[in-house]
Amino acid sequence: MKPRHFFTGLTAAAAAFGMASAVSAQDMTESAAERLAQFERTGDTRSCISLSQLRSIQPLDDHHFLVELRNRDMYLNVVRGRCSGAARTSTYLQYSTSGTQFCRGEVIRVVDSGPASMLVGSCGLGEFERLSPADGDASASR
């Protein structure tokens, strides 16, 4: 199956920030925490989401991805390892899967969008945790 590409570009503007310092998978950058403050973590997790329902993946930093479904449901994915450069505006995410589900353990590659399309990082997806809009923040669900 052909690799799928998600460009971080302008949609990641809220997450664009210089070089992040090394953090563990449990820690997050200030920018990621700011964006996630628009949501409440529910603790409700799932291992897979349907590819046909996937709208976008926004890397908040090298460890935290905000996943939006077509129905506007939002999920947080804390990746296993570190996806170096994922939130840079000069990179895009790439993955390939043989099925119809996007699941925990799938490998995401971070590719530089320059002429050489060089691989700059990769990581494995974690669980998808459902998020709900924070109280009083109607803009969180867009």
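Student: Which residue of β11 stands opposite Y75?

Tutor: Strands of a sheet pair through backbone hydrogen bonds, either parallel or antiparallel. In this predicted model, Y75 stands opposite R130 in β11. The strands concerned, β6 (residues 74-78) and β11 (residues 128-133), run antiparallel and are joined by four bridges; two strands pair if DSSP finds at least two bridges between them. Strands here are DSSP runs of E with at least two residues, numbered from the N terminus. Residues are numbered from 1 along each chain as its sequence is written. Because the model is predicted, local features need pLDDT of at least 70, side-chain atom pairs count only at pLDDT 80 or more, and totals for chains, interfaces and linings use all residues; side-chain values use heavy atoms, with hydrogens and water left out.

Student: What is the order of the strands in the open sheet?

Tutor: The five strands are ordered β2-β11-β6-β5-β4, with antiparallel pairing. At the edges stand β2 (39-46) and β4, each with a single partner strand, so one side of each has no neighbour in the sheet. On average, neighbouring strands of this sheet are turned by 30° against each other, direction ignored (axes are lines fitted to C-alpha atoms, and angles run from 0 to 180 degrees between N-to-C directions).

Student: How many aromatic pairs does the structure hold?

Tutor: A pair of aromatic rings is described by the distance of the centres and the angle of the planes. Rings of Phe, Tyr and Trp (its six-membered ring) pair if their centres lie within 6.5 Å; planes under 30 degrees apart count as stacked, over 60 as edge-to-face and the rest as tilted. The structure holds two such pairs. Y95 and F102 form a tilted pair, 4.5 Å centre to centre with 45° between the planes. The centres of F102 and F128 are 6.2 Å apart and their planes lie at 45°, so this pair is tilted. It links distant parts of the chain, since F102 belongs to strand β8 (residues 101-103) and F128 to strand β11, 26 residues apart. Together, Y95, F102 and F128 form one aromatic cluster.

Student: Is F102 buried or exposed?

Tutor: F102 is buried, with a relative accessible area of 0%; buried means under 20% relative accessible area, exposed over 50%, and partly exposed in between (1.4 Å probe, protein chains only).

Student: Which residues touch the most other members of the largest nonpolar core?

Tutor: A nonpolar core is a set of buried Ala, Val, Leu, Ile, Met, Phe, Trp, Tyr and Cys residues joined through side-chain atoms within 4.5 Å. Of the 19 residues in the largest core, these are L54, F65, V67, F102 and I108. Strand β5 gives the most to this core, with three residues.
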